[in-house]
Amino acid sequence: MLPSTDHNQPMSLCLEVIAWNGEAPHETLSCVIEQRSGSVGRADDNDLVLADHEGVVSRVHARIEFDGGEYFLIDTSTNGTYVRTLDGQNFFLRQEELTLFGSGVVSLGKHIDKSQDNLLYYSSD
């Protein structure tokens, strides 16, 4: 299901860390992006700041852009970004973009099947 393009309804994208550095986070790490752009990575000025002990997450690993009622994930990293939608579609992005719809899992710099680490859950409404 694609996100609504009705601009009268609030629309947001939630990103929540579900596994990081080999374990579930001790506190909730998340951000909500509401009809705007945002970013994820190691740098302190990202909307979602992630410590990286393995060197796979870039300073600004990915940007989230909101345009025409849709959210786009734009990989800006060296190691790429893996996305699995709730319906099981898999995508690998390296300096590419993907329309995010519904919900799923994003992995920064690590293949989702090979690692249950560096995982972010995303959902849009």
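This is a predicted model: local features need pLDDT of at least 70, side-chain atom pairs count only at pLDDT 80 or more; totals for chains, interfaces and linings use all residues.
**Entry 1: Thr-81**

I started at Thr-81, which counts as buried because its relative accessibility is 0%. For burial I used these cut-offs: buried is under 20% relative accessible area, exposed is over 50%, and partly exposed is in between, with a 1.4 Å probe and protein chains only. Residues are numbered from 1 along each chain as its sequence is written, and side-chain values use heavy atoms, with hydrogens and water left out.

I placed Thr-81 in strand β7 (residues 81-85). Strands here are DSSP runs of E with at least two residues, numbered from the N terminus.

Which side chain makes a polar contact with the side chain of Thr-81? I found Asp-75, at 2.7 Å. A polar contact is a pair of N or O atoms within 3.5 Å; within protein, one must be able to donate a hydrogen and the other to accept it, and residues adjacent in sequence count only if both atoms are side-chain atoms.

Next I listed what Thr-81 touches, leaving out residues up to four places away in sequence. The list includes His-61, Ala-62, Leu-73 and Asp-75. Phe-91, Phe-92 and Leu-93 are also among the residues touched, as are Val-106, Ser-107 and Leu-108. Contact means heavy atoms within 4.5 Å.

**Entry 2: the sheet that holds β7**

I traced an open sheet of 6 strands in the order β2-β1-β11-β10-β7-β8, with antiparallel pairing. Two strands pair if DSSP finds at least two bridges between them. β2 and β8 are the edge strands, each pairing on one side only. On average, neighbouring strands of this sheet are turned by 20 degrees against each other, direction ignored. The axes behind that angle are lines fitted to C-alpha atoms.

I then checked β7 against β8: they run antiparallel and 4 bridges join them. Tyr-82 has Phe-92 in β8 as its bridge partner.

**Entry 3: the other sheet**

I found an open sheet of 5 strands, ordered β4-β3-β5-β6-β9, with mixed pairing. Its edge strands are β4 and β9 (97-100), and each pairs on one side only.

How do β3 and its partners pair, parallel or antiparallel? With strand β5 (residues 62-67), β3 pairs in the antiparallel sense over 3 bridges. With strand β4 (residues 48-49), β3 pairs in the parallel sense over 2 bridges. Val-40 stands opposite Ala-62 in β5 and opposite Leu-48 in β4.

I looked at side-chain directions too. In a regular strand the side chains alternate between the two faces of the sheet. In β3 (residues 38-41), Gly-38 and Val-40 point one way, Ser-39 and Gly-41 the other way, and all are buried.

At the β9 end, strand β6 (residues 70-75) pairs with β9 in the antiparallel sense over 4 bridges. Leu-73 has Leu-98 in β9 as its bridge partner. Leu-73 is also one of the residues that Thr-81 touches.

**Entry 4: salt bridges**

How many salt bridges does a search of the whole structure find? I got 3. The criterion is a side-chain nitrogen of Lys or Arg within 4 Å of a carboxyl oxygen of Asp or Glu.

- Arg-36 bridges to Asp-47, with the closest N and O atoms 3.1 Å apart. Arg-36 is in the loop between β2 (30-34) and β3, Asp-47 in the loop between β3 and β4, 11 residues apart. Arg-36 is partly exposed at 36%, and Asp-47 is partly exposed at 33%.
- Lys-110 meets Glu-54 at 2.5 Å, N to O. Lys-110 lies in the loop between β10 (103-108) and β11 (119-124) and Glu-54 in the loop between β4 and β5, so the pair ties together parts that are 56 residues apart in sequence. Lys-110 counts as buried at 15%, whereas Glu-54 is partly exposed at 42%.
- Arg-63 meets Glu-65 at 3.1 Å, N to O. Arg-63 is partly exposed at 31%, and Glu-65 is partly exposed at 25%.

**Entry 5: confidence**

The chain averages 87, and 89% of the residues score at least 70. Over residues 1-5 the pLDDT is below 50. Beyond near neighbours in sequence, that stretch has 11 contacts in the model.

Notes:
pLDDT is the predictor's confidence in each residue, from 0 to 100. Axes are lines fitted to C-alpha atoms, for helices over the stretch in contact, and angles run from 0 to 180 degrees between N-to-C directions.
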